Protein chains: 2
Amino acid sequence: MRKILIIGAGKSTSSLVRYLDEKSSEHHLQITVADKNLEQAKKIAKGFAHIDVMALDIFNTSHRENAVKSADIVVSMLPARFHIEVAKDCVKFNKNMVTASYVSDDMQALDEAVKAKGLTFMNEIGVDPGIDHMSAMQVIDRIKAKGGKLIMFESFTGGLVAPECDDNLWNYKFTWNPRNVVLAGQGGAAKFIQEGKYKYIPYQRLFRRTEFLRVPEFGMFEGYANRNSLQYREIYGLQDIPTLYRGTLRRVGYSRAWNVFVQLGMTDDTYTMEGTEVMTYREFTNSFLPYSPTDSVELKLRHNLKIDQDDLVWNKLLELDLFNSEKVIGLRNATPAQALQKILEDKWTLKDEDKDMIVMYHKFGYELDGEEHQIDSTMVSVGENQTYTAMAKTVGLPVGMATLRILNGDITQTGVLRPITSDIYNSILKELEAYDIKFKEQHVPYLSYNIENVK
Amino acid sequence: MRKILIIGAGKSTSSLVRYLDEKSSEHHLQITVADKNLEQAKKIAKGFAHIDVMALDIFNTSHRENAVKSADIVVSMLPARFHIEVAKDCVKFNKNMVTASYVSDDMQALDEAVKAKGLTFMNEIGVDPGIDHMSAMQVIDRIKAKGGKLIMFESFTGGLVAPECDDNLWNYKFTWNPRNVVLAGQGGAAKFIQEGKYKYIPYQRLFRRTEFLRVPEFGMFEGYANRNSLQYREIYGLQDIPTLYRGTLRRVGYSRAWNVFVQLGMTDDTYTMEGTEVMTYREFTNSFLPYSPTDSVELKLRHNLKIDQDDLVWNKLLELDLFNSEKVIGLRNATPAQALQKILEDKWTLKDEDKDMIVMYHKFGYELDGEEHQIDSTMVSVGENQTYTAMAKTVGLPVGMATLRILNGDITQTGVLRPITSDIYNSILKELEAYDIKFKEQHVPYLSYNIENVK
């Protein structure tokens, strides 16, 4: 029996556990889910024959070391900032490791030590990062192998509510950490390159510089730019590509309405407001508007942000009860972002029967034999229910598949890795298709930014 | 002879030196100007009979200690972050000290030690902070002494170009550190209170929430909110005041045009751009606009920020050569803010014959005997030339006056102080009048925010 230790029984561990349990007999797996909260681990393991559970506080060094020592491979499903302690143990005790998180500087610094010991630390093997890397690199490598030259790469991912459960004006519900949604785009200008020109978008314009995308069978979406697209030139081996842009998908109209919060200052997480414990939603909104003895909060907001009388943005704000004078924030010393999150959670929390959806859209522009081409590649995954969400599946399944491949010796690269080489992505992408996580490609005319075909 | 050590021969040391030289015979002063750059100290001292100079590197501990030891009082005209080392020496060697800077946490922490030794460390005794404190507290204390209750305090200060030298569309030139002007308003939302309501303005709205003010004989100005007005409730003893707002003055129209830079992201100082050494002004501007194969940078900017064809904002941008395809930033790895500063310095640097101007505007609303009143108090100081600027005078003179009073035993309070008590401000404000730094008061109807008198 080979022992897999999974640390962290969070949301996306569910699909990982189900996958590994399913494979356990054939592959002789002994799987343990460890969490600080034993009940949480039990809940995740419930109903599976081959999953053990244990209580584990990762800040208890001896417990953590003992747990790592007794495993053959360690999967860290902890929040990203906690991986590093586990990673150091894995180096110390010669264990392979898997995470779905971005490679941190601390993690990258272990690369030499990991290689020296012949170990494999696979990271960024969830959905975004993860499936995005694999599906993009598969097409990029294929184009290159044919002798093509990449001239454009754009990539968008979004976690959304499934169409059949999409019943609010924002066409959005929280399918992941709400705090990250409220803070999205903060912490620095978005940077990318278009037709060889470096472009920078500050936070205050981010949600007003969107791009529309049509996904077959699922309709229109819009994308706003992620923070730093430029680093992907290096990672994807696209150093000279004139256009590279990564973004986040929402349904059309979301960003323009979200911009109201940005402009008012409601997404600020850097200071606490006075009196939020007893502050009504209306008072919260009024805090960001000039004082007036004569005008309503409604008219002040419309006037300040120049919202026309017949603009649907207005109905989106009303739907959130932003002007309600009875509902109370009820949080002590909240930042604007925390107060806004509270308001949004009233309306954007998934109902028991709601399903989520992951949408991914890549555009590859390339030159081959003197002609310009474009491939658009899309993937949509809809959740089964609130346990096996699309998010849990698209994160947990590739993590499980990578774990199994490392354990079986099918992945032989050593070091701190990302799934960007064909030995890794081909086999995992193929297996993901069996779980209905498939990309559809369409060949379209390459128009670059000449989208109206203006000459 | 009493020895005054002035450390730092920067811009506002000129008026300080002239003032103390003028007083040296009568008050038996021996004055030394110390600077890392001896030539700079010599330049400041030139033409004055009673001013010595010395080279002093404040990072050389023994030199610094020796200099402090041999003085009777130390005036630090260094950049604010360097005061603390000098202050610690002053505690060690029992010397009084004067600075024009805000009391830092480090400085405040010395309060007990300073008091224990019976020393006086006078801070915030320049113009803003300084003359603003004194002139405001004099009126506030007078209103309180009459039995009045303060219900509103608003205060604005601006460093501008004198009307006779005001020859650009922005009605603005750099009269102080350009970098601070470019970064103004960053680092947190503006916080204040209006009619008992806490108000917060994020950076992205700061320059669109201005207030107009008319200064007799000088015309219209506008004010935008400073970062944190709320702390002045404590400092000024106005804990329960329903309206307290501090701001920065500019000529009308400046803020709306400046907002173009804010919205585009040109004032961002958190990242460096690619290729700024060879980047033209036009390319710089284009970096913040979407790529288009068919549209000009001009039309993209107009469209993105919805600038009408006949809006004067446009001419302000043209005046700065923002679309010039020949002028080059010429700075290696510049942040957007650094590049913008370079562009502005081309046009906003004072010419040799230009004069600057300091404008201050206080509004005091109060209740007395059941009636509401308002006093507006204004001060305008115009510079003599590029040496004795209004900024140098309004900073250097109160610093010199406080120094003399401490030396003569006229200021007897001990500890880390601000000039907010009548024993300090009355005498200094009176002496400032001799230098034409005077406040004019007018009694106006108290309208609060009911400015159109709507009932």
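Biologist: What should I know about the ground rules?

Modeller: This is a predicted model, where local features need pLDDT of at least 70, side-chain atom pairs count only at pLDDT 80 or more, and totals for chains, interfaces and linings use all residues. Residues are numbered from 1 along each chain as written, chains are lettered from A and ligands numbered from 1 in written order, and side-chain values use heavy atoms, without hydrogens and water.

Biologist: What is the mean pLDDT of chain A?

Modeller: pLDDT is the predictor's confidence in each residue, from 0 to 100. Chain A has a mean of 95, and 99% of its residues reach 70 or more. The model scores ipTM 0.84 and pTM 0.89.

Biologist: Is Thr285(A) buried or exposed?

Modeller: Buried means under 20% relative accessible area, exposed over 50%, partly exposed in between (1.4 Å probe, protein chains only). Thr285(A) counts as buried because its relative accessibility is 0%.

Biologist: Which residues does Thr285(A) touch?

Modeller: Contact means heavy atoms within 4.5 Å. Leaving out residues up to four places away in sequence, Thr285(A) touches Met266(A), Val297(A), Leu301(A), Leu322(A) and Phe323(A). Its side chain also reaches the backbone oxygen of Leu322(A) at 2.7 Å.

Biologist: At what angle do the axes of H11 and H15 of chain B cross?

Modeller: Helices are DSSP runs (H or I, at least four residues), numbered from the N terminus. Axes are lines fitted to C-alpha atoms, for helices over the stretch in contact, and angles run from 0 to 180 degrees between N-to-C directions. In chain B, the axes of H11 (residues 254-264) and H15 (residues 336-348) come within 12 Å and cross at roughly 145 degrees. Tyr254(B), Trp258(B) and Phe261(B) of H11(B) meet Leu340(B), Leu344(B) and Trp348(B) of H15(B).

Note on methods. A polar contact is a pair of N or O atoms within 3.5 Å; within protein, one must be able to donate a hydrogen and the other to accept it, and residues adjacent in sequence count only if both atoms are side-chain atoms. Helices (H or I, at least four residues) and strands (E, at least two) are DSSP runs, numbered from the N terminus.
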